[in-house]
Amino acid sequence: MKNSAAIIPVSSPECQKKSWKHELKNAFSNNRQLLEYLQIDKRAAPYEINESLDFPVRVPLSFAKRMKVGDPLDPLLLQVLANDIENQVVAGYGKDPLLEQGLSQPGLLHKYYGRVLFILSGSCAINCRYCFRRHFPYQTSADSYSNLQNNLDYVSSDTSISEVILSGGDPLLMGDQQLALLVNQLSEIPHVKQLRIHTRMPIVIPSRITEQLIELLAATRLITCLVVHTNHPNEIDDITGTQLQRLVQNGIPVLNQSVLLKDINNNSKTLALLSRRLFSYQILPYYLHLLDPVQGSAHFYESEANALVLIDSLRKSLPGFLVPRLAVERPGEKSKTILA
Ligand SMILES: *Cc1c(COP(=O)(O)O)cnc(C)c1O
Ligand code: SF4
């Protein structure tokens with residue numbers, strides 16, 4: 001199973017029948033459609049939904065299919081439903097919690113030694129309501145090819161950079177050809193050794209893991225890994241897990257990061273199940289992030305004290321390597337801060 005020279009073939013899985021681009025284009029784009037699909041009467045829901053937010057609703061069908069019909073408190077639904085309380089102004093919650101805007105140059109964040117982060121796409125396949133980049137000025141940061149050339153030049157001219165992280169938005173919104181071009185350009189910079197892709201796309205639309213993508217990542221000289229973003233075990237159905245495992249089986253490690261979210265995954269049973277489910281597809285937990293204080297997300301906040309109790313409880317029930325690192329980003333620090 002491990003590291004075979006050839007790409008491990010699959011007999012066209014169910015999820016490959018429709019192209020990922022088609023799924024992306026046909027995503028739910030408002031609460032009403034989504035609630036209708038889930039047969040939830042909005043008057044029965046314990047929240048006021050809101051349709052006129054700056055950060056629109058976006059949920060592809062393949063993700064909505066993993067939600068429970070008729071359940072207004074489904075943990076996947078709560079991550080994406082636009083709620084009126086997002087409009088509340090809460091002290092300490094700003095538009096740029098990590099002080100990223102204005103750092104580095106357009107489309108590039110260089111905060112930590114040896115690693116730079118490319119912001120490659122202005123959007124995501126899904127809009128998570130707690131997103132710490134929901135107010136990020138993507139228009140000026142991403143998409144433009146001239147930024148990309150400037151950013152490749154930036155990496156070329158700094159030999160301390162050994163790892164490039166493709167992030168966003170979601171970098172896998174780029175097509176395989178465009179991505180191949182970029183990976184090729186990065187691999188021509190001798191001091192770049194590692195390539196990391198931070199993406200939620202394979203969780204949201206598993207058919208994004210195409211044959212071409214696997215071939216591309218398996219073939220580059222760069223040591224490559226994927227870091228996906230999953231918060232609840234229900235996000236990993238068998239199609240999703242199997243697609244990600246294909247990457248692992250072709251020599252590309254897959255790690256997961258989660259955000260600790262009130263009423264979604266803030267209990268040790270859910271987090272333990274998430275770790276076990278991930279590992280059943282050979283995916284390892286990496287970070288569990290405390291929520292960044294971004295405007296509109298205060299209702300998802302779980303305290304540091306409770307998070308520490310949770311991690312302690314996970315340690316008592318899981319092998320050490322299945323316990324994620326509890327992390328928080330503090331503006332100005334030289335790395336993420338590990339709390340436990
Ligand atoms: C999180 C992050 C990284 C990667 O940090 P690791 O601890 O190596 O995962 C790099 N750059 C930026 C700007 C980040 O926010
Ligand atoms: S996938 Fe990540 S970057 Fe995109 S909206 Fe969700 S949290 Fe934000």
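Me: How do β7 and β8 pair, parallel or antiparallel?

Reply: Parallel, over three bridges, with β8 covering residues 325-328. Bear in mind that this is a predicted model.

Me: Which residue in β8 is the bridge partner of Y287?

Reply: Y287 has R325 as its bridge partner there. Further along, H289 stands opposite A327 of β8.

Me: What about β8 and β9, parallel or antiparallel?

Reply: Antiparallel: β8 and β9 (residues 337-338) are joined by two bridges. A327 has I338 as its bridge partner in β9, and A327 is also the residue that H289 stands opposite.

Me: Zooming out, what is the strand order in the sheet?

Reply: The order is β1-β2-β3-β4-β5-β6-β7-β8-β9, nine strands in an open sheet with mixed pairing. At the edges are β1 and β9, each of which pairs on one side only.

Me: OK, ligands. Which residues are around ligand 1?

Reply: K111, Y112, R115, L117, I165, R196, Y286, Y287, E329 and K336. By class, five of the shell residues are nonpolar and five are charged, with no polar ones.

Me: Which strands supply at least two residues of that shell?

Reply: Three are listed: β1 (108-112), β2 (115-119) and β7 (284-289). Y287, the partner of R325 in β8, is among the residues around ligand 1.

Me: What do the ligand's oxygen atoms sit next to in the way of polar side-chain atoms?

Reply: The side chain of R115 has an N or O atom 2.6 Å from an oxygen of ligand 1. For Y286, a polar side-chain atom is 2.7 Å from a ligand oxygen. R196 has one at 2.8 Å from an oxygen of ligand 1.

Me: How much of ligand 1 does the protein bury?

Reply: The protein buries 93% of the 390 Å² that ligand 1 exposes when taken alone.

Me: Back to R196. Which side chain does R196 meet in a salt bridge?

Reply: That of E163, at 2.9 Å from N to O. The two residues are 33 apart in the chain, E163 in β3 (residues 163-167) and R196 in β4 (residues 194-199), so the pair links distant parts of the chain.

Me: Switching to ligand 2. What surrounds ligand 2?

Reply: C124, I126, C128, C131, R200 and H229. That shell has four nonpolar residues, one polar and one charged.

Me: What is the phi of Q39, positive or negative?

Reply: Positive, about 55°, although Q39 is not a glycine. Q39 is in a loop too, between α2 (31-37) and α3 (61-64).

Definitions and conventions
Residues numbered from 1 in each chain as written. Chains lettered and ligands numbered in written order. Predicted model: local features only at pLDDT ≥ 70, side-chain atom pairs only at ≥ 80, totals over all residues. Heavy atoms only, no water. Near = heavy atom within 4 Å. Polar contact = N/O pair within 3.5 Å; in protein donor to acceptor, adjacent residues only side chain to side chain. Areas by Shrake-Rupley, 256 points an atom, 1.4 Å probe, with all protein chains shown as cover. Helix = DSSP H or I, 4+ residues; strand = E, 2+ residues; numbered from the N terminus. Nonpolar A, V, L, I, M, F, W, Y, C, P; charged D, E, K, R; others polar. Pairing = 2+ DSSP bridges. Salt bridge = Lys/Arg side-chain N within 4 Å of Asp/Glu carboxyl O.
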